[in-house]
Amino acid sequence: MSISLKGKRVLITGSTDGLGRLLAIELSKQGAFVTVHGRDEEKITDILAELSGEGHSSVLCDFNNAQSVITEMQKVDELDILINNAGMWQEGDTIDLSPQDIPNLVNSNLTGMLLTTRVLLPTLLKSSFSQVLNVSSVAGVEIPSDYYHTVYSSLKWGVQAFSEALAKEFDNKNMRVMGYYPGGMETDFFKKVGMDYEKHEPWMLNPNESVEAMVFMLTRNPKVNVKRLDLINHLQQ
Ligand SMILES: NC(=O)c1ccc[n+]([C@@H]2O[C@H](COP(=O)([O-])OP(=O)(O)OC[C@H]3O[C@@H](n4cnc5c(N)ncnc54)[C@H](OP(=O)(O)O)[C@@H]3O)[C@@H](O)[C@H]2O)c1
């Protein structure tokens, strides 16, 4: 049995681009009131214009500025679903990253999620049934044997630990916590940090496949928790 997202208040972090953006569009089509989040005002205006229906809103803050995350997220006063999706890529062995890269990676992939969730928990708990869906990665589940993205993996493993621990905190209560673990997706995720991947590499998923998987998780009967879902392109084509 599935539940409807119509009328649900949903906040999606990192919804100015890629997966978050597509998910915001889809959830608005299903009748949800979407609060988009990003760090770029123009991109926020663009995505708001693409949403179906009325009643959407936005939060503007960069996860590198903790005080602004706290101040801006605190302005959200009604919420049923929090989707912690924002993140950024960085490839390479630890020695390949400059020390200056590391705080940005930590804030964008993990600290922003912890802060956002902490600030919004009291609001979520006012809902008769709330949901938190955290986006990690296959890199947050297994370490590849042939190449490394050690810092990124550490942070996505952190997301896994947070999701599993938070789910335990809310076991048997009116909130379910889920973790989503996708393989590589065709977004600008890699290009933004200067990687020259083709738009479509054989191992990549279409991000709309992730949207479908996440909608499946969010629409299960409240008694059921798809606590974790790994999605990979197993045909590599
Ligand atoms: N693409 C993949 O291959 C892949 C695979 C597995 C997991 N994931 C995970 O899936 C999620 C979505 O990735 P995507 O592929 O959709 O990437 P994307 O297209 O680059 O979108 C990432 C979103 O996060 C926002 N963001 C990044 N750093 C931020 C910060 N410091 N403060 C505020 N917002 C920030 C971006 O804002 P801007 O629009 O301003 O850049 C954008 O809205 C991420 O958590 C990623 O780690 C991606």
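Colleague: In which sense do strand β2 and strand β3 pair, and over how many bridges?

Modeller: Two strands pair if DSSP finds at least two bridges between them. Here β2 (residues 33-38) and β3 (residues 57-60) pair in the parallel sense over four bridges. The chain crosses from β2 through helix α2 (residues 41-50) to β3, and this β-α-β crossover is right-handed: with the strands pointing away from the viewer, the path from the first strand over the helix to the second runs clockwise. Helices (H or I, at least four residues) and strands (E, at least two) are DSSP runs, numbered from the N terminus. In β3, L60 is the bridge partner of G38, and S58 stands opposite V36. The model is predicted: local features need pLDDT of at least 70, side-chain atom pairs count only at pLDDT 80 or more, and totals for chains, interfaces and linings use all residues. Residues are numbered from 1 along each chain as its sequence is written, and side-chain values use heavy atoms, leaving out hydrogens and water.

Colleague: In what order do the seven strands form the open sheet?

Modeller: The order is β3-β2-β1-β4-β5-β6-β7, with parallel pairing. The edge strands, β3 and β7 (228-231), each pair on one side only.

Colleague: Which residues lie nearest the centre of the second largest pocket?

Modeller: A pocket is an open set of points on a 1 Å grid over the protein atoms alone, where a 1.4 Å probe fits, with protein on both sides within 12 Å along at least five of seven lines; lining residues have an atom within 4 Å of a point. Of the 15 lining residues, N172, K173, M175, R176 and P222 lie nearest its centre. Strand β6 (residues 175-182) gives the largest share of this lining, three residues.
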